[in-house]
Amino acid sequence: MKIGFIGCGNMGTAMIQGMIDSGKCAPSEMMISCRTASVLEEKNRKYGVKTTLDNREVAGFAEILFLAVKPQFYADVIAEIRGDVGELAMVVSIAPGKTLAWLEEQFGRKLKLIRMMPNTPALVKAGMTGICADAAVSSEELAVVRELLSGFSETEVVPEHLMDVVTAVSGSSPAYVFLFIEAMADAAVAGGMPRAQAYKFAANAVLGSAKMVLDTGLHPGVLKDMVCSPAGTTIQAVRVLEEKGMRSSVIEAMMKCLDISRGM
């Protein structure tokens with residue numbers, strides 16, 4: 001299966017590395033392009049993949065073509081490559097806000113189109129990706145793409161109208177979590193803990209808490225109550241977080257993210 005990538009920024013690189021490291025794609029079966037020769041030389045040295053400065057060459061090569069450029073560049077890139085994409089090829093977009101209908105309109109013809117929204121934990125092979133496809137993509141073909149993604153991410157198939165929600169709850173949310181970890185570490189430093197140690201405690205607390213949600217299947221509220229002993233320290237911390245509007249702040253932040261994604 002020949003895999004093509006147009007664009008190899010942080011997200012594209014995470015996907016490329018995940019597919020290669022996991023053995024989901026042989027380096028000889030992957031070709032990538034971007035605008036910078038030095039970047040391509042580095043990717044070739046590191047991963048052994050084919051490289052080119054010509055987006056059209058990648059489009060003609062790929063049986064599965066990932067468009068991993070910024071959303072504002074999609075129209076120009078598609079205009080450049082639309083005559084070179086094979087009739088049987090699958091085109092996978094990672095851009096928020098760009099619907100399947102919009103993609104088809106840009107290509108000017110029927111194609112096998114897939115949308116996905118990954119997130120940056122793919123860099124450490126712990127990503128979460130929402131995915132949807134148009135009617136031209138068979139369930140077997142979608143399964144092939146999901147298998148490729150499994151090298152760096154969990155995947156969930158969602159209806160297209162929920163893809164903007166995926167952006168808010170998964171695609172953008174690592175930034176919220178990093179902010180939370182940073183704030184907890186700042187407080188630990190204020191309490192006298194060395195910063196490097198503070199980050200380790202805070203990050204592992206978040207990591208372990210997330211694993212508890214996934215592994216136990218218990219409601220987060222139940223897990224929260226398990227930590228809040230009567231007349232203890234934790235319930236007082238939770239009370240302050242509620243008083244300061246943590247829950248509503250997170251909801252409002254995600255709704256703003258959702259609105260922006262829908263407008264892209």
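The model here is a predicted one, so to speak of local features a pLDDT of at least 70 is needed, side-chain atom pairs count only at pLDDT 80 or more, and totals for chains, interfaces and linings use all residues. Residues are numbered from 1 along each chain as its sequence is written, and side-chain values use heavy atoms, with hydrogens and water left out.

Helix 9 itself covers residues 195-216; helices here are DSSP runs of H or I with at least four residues, strands are runs of E with at least two, and both are numbered from the N terminus. Its 22 residues reach 31 Å from first C-alpha to last, close to the 32 Å expected at 1.5 Å a residue (1.5 Å times one less than the number of residues).

Turning to the sheet, eight strands form an open one in the order 3-2-1-4-5-6-7-8, with mixed pairing (two strands pair if DSSP finds at least two bridges between them). Strand 3 (50-52) and strand 8 (153-157) sit at the edges with a single partner strand each, so one side of each lacks a neighbour in the sheet. Strand 3 pairs with strand 2 (residues 30-33) in the parallel sense, over three bridges; Thr-51 in strand 3 is the bridge partner of Ile-32.

As for contacts (heavy atoms within 4.5 Å), Met-19 touches Ile-3, Phe-5, Lys-24, Cys-25, Met-30, Phe-66, Leu-148, Leu-149 and Phe-152, leaving aside residues up to four places away in sequence.
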